[in-house]
Amino acid sequence: MDLRGKAIVAKYAWIGGKIGEEVAIEIDEKGVITNVGGIPSGEVLRLENEVLLPGFVNSHSHAFHRHLRGRSEIGRSAADTFWKWRDNMYGLVADVDKDVIYRYCATTFREMLAAGITSVGEFHYVHHANNRFDLDGEVVRAAVDTGIRLVLLETLYEQAGFDAPPLHPVQERFVSSYDAFIQKIQELRRENKHPRVSFGVAAHSARAVTFQNIKKLYNYAVAENLPFHIHLEEQPKEIADCQKFLGKTQGPSDILLTTLNLGEHFTGVHATYTSAANMRALASLGANVSICPCTEGYLGDGIPQINEDLPISFGSDCNNRICMLEEMRWACFSQQMRGNSRSVAALSAEKLLSAATEGGARSLGLAAKVGDFQVGKYFDAVTLDLNSSTLEGSNAATIVDALIFSCDNKEIRRVFVGGKQRNTF
Ligand SMILES: [Zn+2]
């Protein structure tokens, strides 16, 4: 189904932070919304039994990790930590070439589309196979071919730890010098002008990039108006190693808060062990935090200390499970279980949905393009089936809560990116 040049009217639609009824949306030939809430002209698709939401925006993914599925090793041994999982992941990287990364990414992106994810921030750090940076273009090609909207977060990786220990042989596939890396980004940005592809930069982590180059890269991102992402304090070891290296009590978030002029371009990923005080500081600066509850549970990381004012979004990260509805409710459930409360950081169904759409768009620098149904933005959308047994009996007042806390991917009917349906494989 192609809605470009047509209009859609849904029984229920998420508009302006609430559910509207019988809302019409007109879409032009480029897939951009031209009218919301008026009387539709021309050909109209009526969704009598579907609820229409903006497409989900996945702010943190490593597409190839999906192919570790079935090798969780959960429950086998106390030695199976995050770091052991990382060794398994390195085993997967060892065999990656151009064809393999294309196939890994395309499979994952198709699964994301089926789950209502219309934009993904791919945190890409496996750059080299037979030649320098020969894998980056394959990620773009996989996104273009599958139809997902991609923000390729080109990731700088310099070293194996704060004190630059010898590299693991697999890490050779990640590393580059700062200058070669910037040159590659400039090249990619020049070569790729596809309307569904844009770019951002990332420092892999404070352990993999020097603080000096994190600052340089962040300043480059702000000057170029690109999103900047970094894995931040996912494990206590990162903070302990940083303190040991600096001979001080400061962890990565302390250093970033004091040396960078943080703001909306910045996204810290995970922030699992970031102090509540630093989380408040990030919120006051308008910096984003991407949390990945399914992965953080899967890897046994922990639960971040989020607060009501923190701009959050959700990532599927290791992609062992791809379901944004599950990310949303686990973000809420984990906070509630830790807090013995049914109201932590004001995480209502509405707020969770907003984080999974507008929050993701903000983190990926896509706020002017997607995240909600507004004139001038692309029609990226997902619909769910009101005739499903799960949603039977829902009405305008109860539907959002029912979607977030009761639904799964199986209720998803149609997924549109730029006005064109993309979940028909
Ligand atoms: Zn990650």
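Modeller: Happy to. Domain bounds here come from an automatic or database domain assignment. On that basis the protein chain divides into domain 1 (7–54 + 371–421) and domain 2 (56–363). Please keep in mind that this is a predicted model, where local features need pLDDT of at least 70, side-chain atom pairs count only at pLDDT 80 or more, and totals for chains, interfaces and linings use all residues. Residue numbers start from 1 along each chain as its sequence is written.

Let me begin with the overall picture. The protein chain holds 12 helices and 15 strands; helices (H or I, at least four residues) and strands (E, at least two) are DSSP runs, numbered from the N terminus. The C-alpha trace spans about 65 × 50 × 45 Å along its principal axes. Of the 425 residues, 50% count as buried; a residue is buried if 20 or more other C-beta atoms lie within 10 Å of its own, exposed if 12 or fewer, and partly exposed in between, with C-beta atoms placed from the backbone.

Strand 7 (residues 149–156) and strand 8 (residues 197–205) run parallel and are joined by seven bridges; two strands pair if DSSP finds at least two bridges between them. Within this pairing, leucine 153 stands opposite glycine 200 in strand 8. Right-handed means that, with the strands pointing away from the viewer, the path from the first strand over the helix to the second runs clockwise. Strand 8 is largely enclosed by the rest of the structure, because eight of its nine residues are buried.

On we go to the next neighbour. Strand 8 also runs parallel to strand 9 (residues 228–232), with four bridges between them, and here alanine 202 stands opposite histidine 229 in strand 9. The helix in this unit is helix 5 (residues 211–224), and together with strand 8 and strand 9 it makes a right-handed β-α-β unit.

Strand 9 then pairs in the parallel sense with strand 10 over five bridges, and leucine 232 has histidine 270 of strand 10 as its bridge partner. Strand 10 is mostly covered, with five of its five residues buried.

Strand 10 (residues 266–270) is in turn joined by three bridges to strand 11, and the two run parallel. The bridge partner of valine 269 in strand 11 is serine 290. Between strand 10 and strand 11 the chain passes through helix 8 (residues 276–285), in another β-α-β crossover that is right-handed.

Strand 11 (residues 288–291) shows its two faces clearly. In a regular strand, side chains alternate between the two faces of the sheet. Asn288 and Ser290 point one way, Val289 and Ile291 point the other way, and all are buried. Strand 11 pairs in the parallel sense with strand 12 (residues 312–314) over three bridges, with isoleucine 291 opposite phenylalanine 314.

Finally, back to the two domains. Their centres, taken over C-alpha atoms, are 29 Å apart. Where they meet, 18 residues of domain 1 are in contact with 24 residues of domain 2, contact meaning that the C-beta atoms, placed from the backbone, lie within 7 Å. Helix 12 (399–406) and strand 14 (412–417) each supply at least two residues of the side of domain 1 that touches domain 2. Helix 12 gives the largest share of that side, four residues. The residues of that side of domain 1 divide into 10 nonpolar, four polar and four charged (Ala, Val, Leu, Ile, Met, Phe, Trp, Tyr, Cys and Pro count as nonpolar, Asp, Glu, Lys and Arg as charged, and the others, Gly among them, as polar). In helix 12, Ile399, Val400, Ala402, Leu403 and Ile404 are buried, and the elements that the buried residues of helix 12 pack against include strand 1 (7–15), helix 10 (324–339) and helix 11 (349–363).

Key:
Two residues are in contact if their C-beta atoms, placed from the backbone, lie within 7 Å.
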